[in-house]
Amino acid sequence: MTKYKNKEEIELMRISAQLVSKTLSEVAKILRPGITTIAIDQFIASFLKENGAIPSFLDYHGYPFNSCISVNDVVVHGFPGKYALKEGDIISVDIGVYKNGFHGDHAYTFLIGKPADDVLQLVKVTKESLYKGIEKAVAGNRVGDISYAIQEHTEKKYGYGVVRELVGHGLGRSMHEDPQVPNYGRRGTGSVMKEGLVLAIEPMINLGTKEVYTESDGWTVRTKDHKPSVHFEHDVCIKKGKADILSDYSIIEAAEKENANLFSDY
Ligand code: MF3
Ligand code: CO
């Protein structure tokens with residue numbers, strides 16, 4: 001069942017979404033070669049606690065951490081652990097918060113030092129594809145219009161692999177609501193979007209093959225060819241004419257620029 005949010009609910013969702021953005025901007029300040037991914041997860045846990053929010057992912061279908069940290073060939077749902085980041089790594093940090101009865105859920109991919117040129121382009125194009133999708137996320141359009149825009153910009157234009165097994169989703173009092181938002185599909189298909197629908201749009205784009213597999217831990221999704229994958233996610237509310245982006249990359253990007261350990265000039 002598709003749930004539409006009223007004005008008050010949308011403002012509460014904006015608070016949850018912006019807390020995720022704020023947390024990601026704080027993460028951007030501490031990233032450096034040598035930091036372990038579990039240290040990042042612990043940092044996220046304490047920051048959310050200080051801000052009166054619950055990490056949405058912890059215990060979600062048994063998920064055992066506060067965040068998903070997906071490095072290089074890990075597409076999504078990477079377990080934080082003792083791995084220490086190194087120069088040239090790309091790292092997607094995905095955070096969910098539950099506050100005031102609503103979830104925020106989004107992700108950002110950071111570059112530790114300067115990766116290879118083909119990886120840089122993948123990061124740039126994946127972020128662009130998210131905004132191409134958001135352009136189509138307006139009242140009266142269909143969900144497939146978003147999917148098509150993302151696939152066109154990534155698979156058609158650059159030959160990248162668009163992951164089929166994982167999709168974006170509705171967001172609200174539950175972390176996963178209807179409708180599903182695939183990153184591939186046909187224009188003019190899927191349900192018609194109406195004002196008050198909140199979506200988590202999240203392209204997961206591979207440098208090589210679109211094929212992925214899940215590790216024996218039951219969560220970690222990796223590319224079959226072990227080439228890198230990039231993940232960006234925004235929370236957007238459907239409006240007439242132009243989507244209202246509830247999350248905020250500007251504070252993350254500002255922190256990313258300030259941190260000399262991160263490459264952001266792509
Ligand atoms: N952004 C991811 C999603 O939409 C996060 C879920 S991870 C989980 O599915 F651990 F909570 F499952
Ligand atoms: Co999501």
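Q: If donors are N, O and S atoms within 2.8 Å of the metal (3.2 Å for Na, K and Ca), with water not among the atoms, so that sites may look incomplete, how are the donor residues of the cobalt ion (ligand 2) spaced in sequence?

A: This is a predicted model, in which local features need pLDDT of at least 70 and side-chain atom pairs count only at pLDDT 80 or more, whereas totals for chains, interfaces and linings use all residues. Residues are numbered from 1 along each chain as its sequence is written, chains are lettered from A and ligands numbered from 1 in the order in which they are written, and side-chain values use heavy atoms, leaving out hydrogens and water. The donor residues of the cobalt ion (ligand 2) follow the spacing D-x63-H-x32-E-x30-E; the protein donors are D105 (OD), H169 (NE2), E202 (OE) and E233 (OE), at 2.1 to 2.3 Å from the ion.

Q: Where in the chain do H169 and E202 lie, and are they buried or exposed?

A: Strands (E, at least two residues) and helices (H or I, at least four) are DSSP runs numbered from the N terminus. H169 belongs to strand β7 (residues 168–170), while E202 sits in the loop between β9 (198–201) and β10 (204–206), 33 residues apart, so that the pair links distant parts of the chain. Both H169 and E202 are buried, that is, under 20% relative accessible area with a 1.4 Å probe and protein chains only (exposed is over 50%, partly exposed in between).

Q: How many disulfides does a search of the whole structure find?

A: A disulfide is a covalent bond between the sulfur atoms of two cysteines, taken here as a pair of cysteine sulfur atoms within 2.5 Å. The search of the whole structure finds zero; as for individual cysteines, C68 is buried at a relative accessible area of 5%, and C237 is buried at 0%.
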